Amino acid sequence: MTLLEVKGLIVNRSGVPVVRGIDLVARSGEISVVLGSNGAGKTTTLEGLSGIIPASGEIVLDNASIAGASAGKRARAGLRHVEQGRTVFPEMTTEENLKVALHPDASLGEAYELFPELVQRRDVKAGMLSGGEQQMLVIARALVGRPKVIMVDEMSSGLAPVVVNRLMSGVRKLADGGMAVVLVEQFATLALGIGDRAYVLRRGQVVYDGGCAELARDPKRLHHLYLGDSVQAG
Amino acid sequence: MNSLLTSAVAGLSAGGAYAILGVCAIFNYRLVAVVNFTGAAIGAAGTFVMVALYEAGFPLAVDVVAGVAAGALAATLIGLVMTTWFAGSSASTKAAVTAALLVGIIAVGLRLTGGQHPHNFPEIVAGSAFRLAGVEVTRASVLTIAISVLFTVLTEMFLARTRMGLQLRALSQRPMAAELIGIRVKLLALCVWAVMGAVTSFALMVIAPLRSPDFMSISLLVVPALAAALIGAFTSFRAALVGGLMIGVIEGLASGLDAFSQYRGAIPFVVILAVLLWSQRGARWDEAR
């Protein structure tokens with residue numbers, strides 16, 4: 001089932017078009033991976049979708065248009081954006097970080113089941129957690145809000161490979177539980193390994209829309225999609 | 001000696017008000033990240049609404065409620081300006097905006113209240129509560145101190161134990177992250193402003209009859225309020241509470257000493273200077289080494 005459908009998304013930064021008319025779909029139980037080199041428009045796409053920065057185009061969440069709604073309204077409608085930079089509330093404990101986002105129908109147990117590592121750290125201030133724990137916490141915090149779609153931005157940035165693998169399996173679990181996940185990631189191989197559908201962005205436009213497995217099998221094509229004609233020239 | 005004690009005790013009611021204003025300043029800063037220069041002016045607006053109704057012959061209880069509501073409304077309007085146009089601005093820009101608003105509110109307030117024109121300020125609580133070492137402690141002193149202690153304790157409990165308190169703490173730490181988990185950021189921020197306006201108005205109504213009761217003098221109580229908040233490093237409600245009371249008592253003592261009485265108005269500035277110098281002691285110490 002399609003939970004998020006985006007058509008003709010355009011997002012500007014300081015008057016400069018960064019995302020130039022992209023279409024994107026996120027389905028229940030699937031991970032849609034958004035790839036691209038630095039400056040391709042991946043983070044800007046998520047910020048436009050979540051309402052952090054203004055965007056134009058159609059954004060339909062579970063058959064209801066959310067285009068033009070504030071970031072808070074989009075979140076309450078079921079679209080959660082896990083920003084890059086591990087945006088925990090640093091002076092609050094792990095458990096308080098979860099409680100503040102807790103949906104009436106959700107329980108803290110769901111968060112601890114997803115990332116049992118957080119149980120022992122429940123009374124520790126989130127600012128004192130390791131980078132990996134903070135990333136687990138913000139993903140778990142999004143989960144307990146009972147969203148329909150979770151968008152995760154660059155969760156592997158600056159983390160050890162073993163931690164990244166742990167996070168990737170956590171994100172896969174979210175999708176397996178029925179959510180639609182949009183995952184923006186620089187580590188293409190890892191993301192394609194857990195994803196279902198891939199979008200490759202270049203200069204704010206989608207240059208590939210298809211299966212993850214297909215793209216993972218063809219690294220040369222992926223390389224070309226990232227870098228465009230410069231590969232041929234080189 | 002007894003006259004000094006009398007002066008110190010006399011300073012308690014002002015100290016209680018400074019404490020409330022200081023705690024409110026921290027309330028504003030911690031929860032909506034604004035160093036608010038308009039706090040006392042908002043309270044002055046509420047107080048003068050109360051006075052206007054009193055002079056028009058309305059019952060005192062009605063006047064007080066209307067004044068508190070007016071203070072809450074004025075604060076909400078300022079909160080609306082801050083959350084609508086300055087939500088993403090730096091702390092210094094927000095502080096500068098509230099300083100500019102303070103000047104505007106004082107100008108309008110003086111115009112509407114007739115400048116130095118004397119008004120009939122009702123005493124909300126009159127008379128003596130008890131005697132302390134032979135000195136009368138007024139009901140106004142007891143009430144302002146009780147409000148400041150109660151507000152401090154309730155605020156701490158509210159922030160630590162309620163869901164709305166959690167949301168406010170989240171909002172104060174990362175406003176955008178708070179919005180992205182669905183917290184109603186603007187509504188909560190306006191609630192903070194409204195509570196601050198209501199509490200400040202009531203505190204100033206209690207002490208206004210004991211001060212120079214013109215709009216400007218009351219509005220400039222922001223100075224001792226910020227001095228108290230500075231003692232609390234804009235984070236500790238309890239330290240601000242103690243700091244506000246301490247400033248009031250020192251002012252009272254100074255007024256009882258002929259050599260210092262004419263300089264009592266400078267005491268909050270001295271406190272601000274002392275706290276700022278003290279806060280820089282580490283840097284100076286390192287430099288000296």
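In chain A of this predicted model, strand E3 (residues 31-35) and strand E8 (residues 180-184) pair in the parallel sense over four bridges, where strands are DSSP runs (E, at least two residues) and helices are DSSP runs (H or I, at least four residues), numbered from the N terminus, and two strands pair if DSSP finds at least two bridges between them. Local features of the predicted model need pLDDT of at least 70, side-chain atom pairs count only at pLDDT 80 or more, and totals for chains, interfaces and linings use all residues. Residues are numbered from 1 along each chain as its sequence is written, chains are lettered from A and ligands numbered from 1 in the order in which they are written, and side-chain values use heavy atoms, with hydrogens and water left out.

**An antiparallel sheet in chain A**

- Four strands of chain A form an open sheet in the order E2-E1-E4-E5, and the pairing is antiparallel.
- Strand E2 (16-27) and strand E5 (64-65) of chain A stand at the edges with a single partner strand each, so one side of each is left without a neighbour in the sheet.
- Strand E1 (residues 2-13) of chain A is joined to E2(A) by nine bridges, and Val11(A) has Val19(A) as its bridge partner in E2(A).

**Where chain B meets chain A**

- In the interface, 16 residues of chain B are in contact with 23 residues of chain A, contact meaning heavy atoms within 4.5 Å.
- The area buried between the two chains is about 1700 Å², of which carbon and sulfur atoms give 59%; buried area is the accessible area (1.4 Å probe) that two parts lose on being put together, summed over both.
- One salt bridge is counted between chain B and chain A, a salt bridge being a side-chain nitrogen of Lys or Arg within 4 Å of a carboxyl oxygen of Asp or Glu.
- In this salt bridge the side chains of Arg169(B) and Glu96(A) meet (3.0 Å, N to O).
- Helix H6 (163-173) and helix H7 (175-180) of chain B are the elements that give two or more residues to the side of chain B that touches chain A, and H6(B) gives the most, with six residues.

**Salt bridges within chain A**

- Over all chains, the count comes to 15 salt bridges.
- The side chains of Asp209(A) and Arg197(A) meet in a salt bridge (3.1 Å, N to O).
- Because Asp209(A) lies in strand E10 (residues 205-211) of chain A and Arg197(A) in strand E9 of chain A, the pair ties together parts that are 12 residues apart in sequence.
- Lys7(A) forms a salt bridge with Glu5(A), the closest N and O atoms being 3.9 Å apart; Lys7(A) is partly exposed, with a relative accessible area of 42%, and Glu5(A) is partly exposed at 32% relative accessibility.
- Arg172(A), Asp176(A) and Asp196(A) are linked in a network of salt bridges.

**Buried parts of chain B**

- Helix H10 (residues 222-231) of chain B is largely enclosed by the rest of the structure, because nine of its 10 residues are buried, among them Val222(B), Pro224(B) and Leu230(B).
- H10(B) is followed by Ala233(B), whose phi is positive, near 55 degrees.
- Thr152(B) lies in helix H5 (residues 139-161) of chain B and is buried, with a relative accessible area of 2%.
- A polar atom of the side chain of Thr152(B) lies 2.7 Å from the backbone oxygen of Ser148(B).
- Leaving aside neighbours within four places in sequence, Thr152(B) is in contact with Val23(B), Phe237(B), Arg238(B) and Leu241(B).

Methods:
Buried < 20%, exposed > 50% of the residue type's maximum accessible area, 1.4 Å probe, protein only. Polar contact = N/O pair within 3.5 Å; in protein donor to acceptor, adjacent residues only side chain to side chain.
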